[in-house]
Amino acid sequence: MYNFDFARPGSIDEAATALQGEEAQALGGGQTLIPTMKQRLAAPATLVSLTGIPEMQGVCLDDDGRVCIGGATPHAVVEAEAAAHFPALAALAGRIGDPAVRNRGTIGGSLANNDPSACYPAAVLGTGATIKTNTRDIAADDFFEGMFTTALHEGEIITEVRFPVPEAANYQKFVQPASRFALVGVFVAKYADGVRVAVTGASEDGVFRWSEAEAALSADFSADAIADLSVPADDMISDLHGSGAYRAHLVGVMTRRAVSAAT
Amino acid sequence: MPKDSGIGASSKRREDLRFLTGEGRYTDDINLAGQAYVYFLRSDMAHARINRIDTSTAENMPGVLRVFTGADFEAVGGIPCGWQVTDRQGNPMQEPAHPVLARGKARHVGDPIAAVVAETYAQARNAAEAIEMDLDELPAVVDMKAALADDAPKVHDELDGNLCYDWGWIEDNKAATDAAFEAAAHVTTLELVNQRLVANPMEPRVAVGDYAKHSDESTLYTTSQNPHVIRLLMGAFVLGIPEHKLRVVAPDVGGGFGSKIFHYAEEAFCTFAAKQLRRPVKWTSTRSEAFISDAHGRDHVTRIELALDAENNFTAIRTETYANMGAYLSTFAPSVPTYLHGILMAGNYKTPNIYVNVKAVFTNTVPVDAYRGAGRPEATFQLERVIDKAARELGVDPVELRRQNFITEFPYATPVAVEYDTGDYNATMDKLLEMIDRDGFEARRAESARNGKLRGLGVNCYIEACGIAPSALVGQLGARAGLYESATVRVNATGGLVVMTGSHSHGQGHETSFAQVVADMIGIDESMVEIVHGDTANTPMGMGTYGSRSLAVGGSAMVRATEKIINKAKKIAAHLMEASEADIELKEGQFSVAGTDKSVAWGDVTLAAYVPHNYPIEEIEPGLEETAFYDPSNFTYPSGAYACEVEVDPETGKVQILSFAAADDFGNIVNPMIVDGQVHGGVAQGIGQALLEQAVYDENGQLVNASYMDYTMPRADDVPFYRVDHSCVTPCTHNPLGVKGCGEAGAIGSPPSVVNAVVDALQRAGHTHVTHIDMPLSPSRVWQAMQG
C-alpha cells in the first residue's frame with residue numbers, strides 16, 4: 001500500500017468538498033478498495049471515509065412506504081433492520097461475504113463499485129430502486145452502465161437508496177465457489193404493475209434485466225411460466241468457474257427458484 | 001475402558017493452549033535488534049530472457065541497504081535437489097541449475113529476479129518498483145505433452161529438451177505386463193488428470209537470517225518441517241557454511257502439508273544477506289507470493305489400464321503418467337511421481353503384473369513437490385477409479401470386485417518392489433460397511449429423488465507407505481539423504497525428562513503424543529515429559545516430519561533412547577537396592593526387586609544418577625541422558641476403506657457431501673483423539689481436491705487463480721461430519737510401537753470415494769455416458785458432464 005491521507009468527514013457536504021481534492025477517493029467499507037490498494041493497484045492521494053456521517057447510516061421507511069437505506073449502512077445492519085419491511089432484501093444482505101465483510105462493507109460502496117458479481121445491484125435493479133446522491137436522484141435503470149461502471153460523476157456520493165417494497169420478492173444466489181460472490185444471482189420482485197427480474201454475476205455487461213422473463217411473469221407469476229425461456233449464452237461471462245452456457249442455464253434455474261420461493 | 005493417560009489415551013493437546021490463546025511463537029513473531037526487511041522482485045512473466053537489470057535508482061531510494069541480483073550469487077551454489085532418479089536407460093535425470101536469484105532467464109511467474117533489503121518492508125517494496133528491467137518475453141511451455149514436442153521452447157537452454165526423466169517401474173515387468181494385457185478377458189482404461197494444488201498452510205512462509213560476527217555463526221529462523229535438512233542443504237550445497245557454524249530454528253509452524261519440507265531460495269537469501277550486511281534480514285511471504293513461490297502439489301496426467309481374467313481377477317496394471325516438475329527441481333520433486341507413487345501401484349490387490357511409466361517434465365510453472373500424501377494420492381486415485389469403472393463395465397459389485405482381489409496373506413511382496421508387512425483389508429472393509437448402512441442406501445436414494453436430488457455412494461480402499469526407509473534402500477533409489485530419525489532423552493535430577501527429537505511438529509500434536517509414549521514406558525505422569533523440537537542447536541540430527549513418519553520413525557528413536565535410559569536406571573536401582581540388575585522391574589514409576597517388597601522410586605534413581613554418592617561408579621557413568629538413531633527396516637503400510645455419500649443437484653451440478661466414513665488400520669494408536677483429528681483434516685483436504693481446488697495456468701504461464709477470490713479452499717460447510725474408526729489394528733511388525741502413521745491417509749483415501757460417489761449418482765440417474773469427471777468436481781463440470 002502506498003501512503004495516503006485520510007479524511008473522515010462528519011457530513012455529506014464536508015465529504016463532497018473533501019472529494020474535490022486531487023486524487024481523492026471515497027471509502028465505504030473498503031472491502032474492495034483496501035485489498036486493491038494493498039496490492040498497489042490503486043493509489044489514491046486521499047481516502048475520504050463515508051462511515052462517520054450519521055445521515056448516511058441506517059434503515060427507515062419513508063412516507064411512501066419505501067425502505068430507505070443510508071449509503072454507508074453496512075450489510076449486517078440491512079440484514080437486521082430491513083428484515084421486518086423487506087425480507088428478501090435483508091436475506092440478500094445476510095448472504096454477502098462473511099460476517100467480517102457484512103460488518104464493514106456498505107450498500108453505497110457496493111453500488112458505486114458495481115462489481116459484475118455483486119449482489120446489491122440485482123436488488124436495486126430488480127426493484128427499480130432510486131439511488132439518491134448528494135446532487136440528484138438516479139433511477140436504477142439509469143444507474144448501471146456495465147462492469148464497474150455507473151452513472152455516478154467524479155466525487156458524487158451515494159447518500160441513500162430507496163427501495164419500493166414489492167408484494168413478493170426473492171433473491172437466489174448460486175455462488176462462485178471460491179469468492180462466494182454470485183456466479184449467477186437473480187432478484188425477482190412482483191409489484192402491482194408488473195414483475196421485475198434482475199440478473200447479476202452472469203453477464204459481461206454487468207447486472208441486467210431479463211425482460212422476456214419479466215413479461216412472462218407479469219402475465220403469470222409462476223415458475224412454469226418461464227420454464228421454456230432462456231437467455232443467450234453469447235454475452236455471458238466465461239471463466240474457470242463456468243462457461244457462458246452454464247451461466248445462461250443457471251439464469252433460468254435461479255429465476256425459477258426465485259419465483260417459486262416468492263410464491 | 002478408554003485409558004486416561006499414556007499410550008492409548010486421548011490426552012488433550014498440550015500445545016493447543018498456546019496456539020488457541022495467541023501465545024504460539026511463530027517465525028514471524030521473531031524480531032531481532034537491527035532487523036532489515038527484504039522484498040523480492042519476482043518475474044511477472046512465465047518465461048523471459050533477462051537482458052539487463054538496472055538497480056542504480058533503487059539503491060538510492062530511502063532506507064535501502066542494498067539491492068541484490070543473480071550476479072551477487074555467482075560465487076555460491078544453487079538450490080539443490082535431494083533426490084536423483086535414474087531413467088529407463090539407466091541414465092541420471094536431467095538436473096538443471098536453480099540459482100537463488102534468477103540468472104539469464106526467469107522461468108516461472110514468481111521466480112525471484114532481484115531482492116531489495118531496506119530498513120522497512122515498505123521502503124524495500126518502493127525501491128523494487130524503481131528497479132529497471134530489460135526483459136524479453138519468451139514463449140512459455142505450460143502443457144506437459146506440448147513441452148515434450150521437438151520444437152517446444154526449452155525451460156533450461158542447457159538441457160536436452162524438457163524431459164527430466166522417463167522412468168519405468170519395474171522395467172523387467174514390462175514384457176510380462178504387456179503379455180498379460182494381450183491375454184486379458186477384459187481391459188478397463190481410464191485417462192485422468194490429478195490436478196495441480198496449492199498447499200496453502202495457514203501460516204505463510206517466513207525466514208529471518210542472522211549473523212554473529214563474534215562467533216562467525218549464522219542463524220536462520222524459518223517455517224520448516226525439517227530444520228536439520230535445511231541446515232544440511234543450505235549449509236553444504238548453497239552457502240558453504242559448516243553445520244557447526246549454522247543454526248536453523250523452526251519454532252511453532254502453522255501447518256506445512258509438505259510445502260515446508262523444501263529448501264527455498266528465500267531462506268538462503270536471508271542467511272546470505274544477513275552476513276553480507278551484518279544485519280538480521282527478514283522476509284514474510286504475503287499470501288499472493290505464496291501462490292507463486294511455495295511448491296505446488298500433484299499435477300499428473302495419467303492413463304491407467306487394468307486387465308482382468310474371465311473370473312474378474314486382476315491380472316495386470318499398466319500406467320503412463322506425465323508428472324509436472326515445474327520450472328526447477330524442488331527438494332524432493334523427482335521422488336514423488338516415482339518412489340512415492342510407482343511403488344504403491346499394487347494398492348490393496350494381488351495383481352501379478354504391474355508396469356508403471358512416468359515422464360517428468362519441466363514447464364514454465366511453479367515447481368511441484370510433495371503435498372500431503374505425495375504420490376500416494378495420485379496412485380490411489382487412478383487405481384480406485386479404474387477399479388470402479390471396471391466393476392461398472394463388468395456389472396459386478398465394486399466392493400465385491402475389490403474383495404475378490406484383496407491381498408490376504410502377509411508379508412506380501414508386490415510386483416513393484418515393496419513388501420507389505422501386515423494388514424487386513426477385509427477387516428477394514430467389513431468395518432466400513434458396518435458404518436455406512438449400505439443396505440439402506442436404496443431407500444435413501446429414493447428419498448433424495450423425491451427431493452429432486454441424485455444420490456450416489458462411492459467406496460474405495462487405499463494403502464499408503466509411510467516412513468520411507470531404510471536409508472540403504474532409499475540411497476540405492478537415488479535419495480541424497482538418510483531417512484532415519486533421532487531422539488535424545490535427558491532425564492533431570494528430580495525425575496523430569498526432556499526429549500529432544502529430530503522430528504518436527506507443525507500441527508500434529510507431537511508434544512502431547514510423544515510425551516504419552518515416554519511417560520507410559522516409565523510409568524510417570526505425562527506432565528513430567530517435555531518434548532523439544534525445531535532447533536538444530538539443541539536437538540540431534542534428524543530428518544524432520546513428512547510422509548507420516550514422525551511416530552513410526554521419530555517415535556521409534558524415542559523408544560530406543562528411553563529403553564537405554566531404563567536399562568541404565570535399572571543398573572542404578574539394582575545398586576541402590578543391592579540386588580541383581582536382572583531382577584529389577586519398572587512399573588508405574590517404581591523400581592522393585594522381583595519377588596520382594598523392596599522398591600525405589602523413579603525420582604530416587606534419577607537423583608542418584610546426578611548425585612552419585614551411592615552409585616556403581618566403576619560400572620556406569622553418572623548422569624542419565626541417552627541418544628538413539630532409528631533407521632527402519634521397511635516402510636509402514638497403513639490401509640483402510642472409505643465411503644462417501646453425495647447428493648447432486650441435477651439442475652446446477654452442485655455436489656453436496658452427505659456423509660463420509662473412514663475405517664483405517666493405523667496399527668497401534670497412541671492418542672485416538674489426535675488420530676481422529678489427523679483423519680478429519682486429511683479428508684477435508686481430500687474433499688478439497690475432489691470438489692474444489694485447482695491451480696489453473698493459462699497458455700502464457702500466468703496462474704489464473706492466484707488468490708482466494710478464485711482458488712477454492714474447503715470451508716466448514718463444504719465438508720460433512722465425519723465418521724472415523726481405527727479399531728481395526730494389525731500392528732506394524734518392524735517398529736517397537738507397532739504404529740503405522742496416520743497423517744496423510746485422509747488426503748490419500750478420500751478423493752476416489754468422492755468421485756466414485758458422484759459418478760455413481762449420475763449413472764443411477766441414467767447418465768450412463770458419464771464414466772469419469774476430472775477433479776475438481778465443480779458444479780459447472782458436473783453439469784457439463786450431465787449434458788453429454
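Me: How many residues of domain 2 of chain B are in contact with domain 3 of chain B?
Reply: In this predicted model, 19 residues of domain 2 of chain B are in contact with 16 residues of domain 3 of chain B. Two residues are in contact if their C-beta atoms, placed from the backbone, lie within 7 Å.

Me: How do the residues on the domain 2 side divide?
Reply: The side of domain 2 of chain B that touches domain 3 of chain B has eleven nonpolar, six polar and two charged residues. Here Ala, Val, Leu, Ile, Met, Phe, Trp, Tyr, Cys and Pro count as nonpolar, Asp, Glu, Lys and Arg as charged, and the others, Gly among them, as polar.

Me: What are the bounds of the domains in chain B?
Reply: The assignment gives domain 1 (27-138 + 202-255 + 260-293), domain 2 (296-468 + 634-787) and domain 3 (484-630). Such bounds come from an automatic or database domain assignment. The C-alpha centres of domain 2 and domain 3 of chain B lie 40 Å apart.

Me: Before we continue, what are the conventions for numbering and confidence?
Reply: Residues are numbered from 1 along each chain as its sequence is written, while chains are lettered from A and ligands numbered from 1 in the order in which they are written. As this is a predicted model, local features need pLDDT of at least 70 and side-chain atom pairs count only at pLDDT 80 or more, whereas totals for chains, interfaces and linings use all residues.

Me: Now the two chains. How many residues of each are in contact?
Reply: Eleven residues of chain A are in contact with 15 residues of chain B. Helix α19 (residues 779-787) of chain B gives the largest share of the chain B side, three residues. By class, that side of chain B has seven nonpolar, six polar and two charged residues.

Me: Which peptide bonds in chain B are cis?
Reply: The bond from B:Met775 to B:Pro776 is cis, with omega near -5 degrees. B:Pro776 is in the loop between α18 (745-764) and α19 of chain B. The bond from B:Ala469 to B:Pro470 is also cis, with omega near -10 degrees. B:Pro470 is in the loop between β18 (454-463) and α13 (471-476) of chain B.

Me: Turning to chain A, how many helices and strands are there?
Reply: Chain A has ten helices and twelve strands. Helices (H or I, at least four residues) and strands (E, at least two) are DSSP runs, numbered from the N terminus.

Me: What is the radius of gyration of chain A?
Reply: Chain A has 18 Å, which agrees with the value near 18 Å that a compact globule of 263 residues would have. The radius is taken over C-alpha atoms, and the globule rule is 2.2 Å times the number of residues to the power 0.38. Along the principal axes, the C-alpha atoms of chain A fill a box of roughly 55 × 45 × 30 Å.

Me: And what share of chain A is buried?
Reply: Buried residues make up 48% of the 263 residues in chain A. A residue is buried if 20 or more other C-beta atoms lie within 10 Å of its own, exposed if 12 or fewer, and partly exposed in between, with C-beta atoms placed from the backbone.

Me: Which residues other than glycine have positive phi there?
Reply: Among them are A:Arg40, with phi near 60 degrees, and A:Phe148, with phi near 55 degrees. A:Arg40 is in the loop between α2 (33-38) and β3 (46-49) of chain A. A:Phe148 lies in the loop between α8 (140-143) and β8 (158-163) of chain A.

Me: Are those two buried or exposed, and why?
Reply: A:Arg40 counts as exposed because it has 12 C-beta neighbours inside 10 Å. A:Phe148 counts as exposed because it has 12 C-beta neighbours inside 10 Å.

Me: What is the strand order in the open sheet of five strands?
Reply: The order is β4-β5-β8-β6-β7 of chain A, with antiparallel pairing. Strands β4 (59-61) and β7 (137-139) of chain A stand at the edges with a single partner strand each, so one side of each is left without a neighbour in the sheet. Two strands pair if DSSP finds at least two bridges between them.

Me: How many bridges join β6 and β7 of chain A?
Reply: Strand β6 (residues 130-133) of chain A pairs with β7(A) over three bridges, in the antiparallel sense. A:Ile131 stands opposite A:Ile138 in β7(A).
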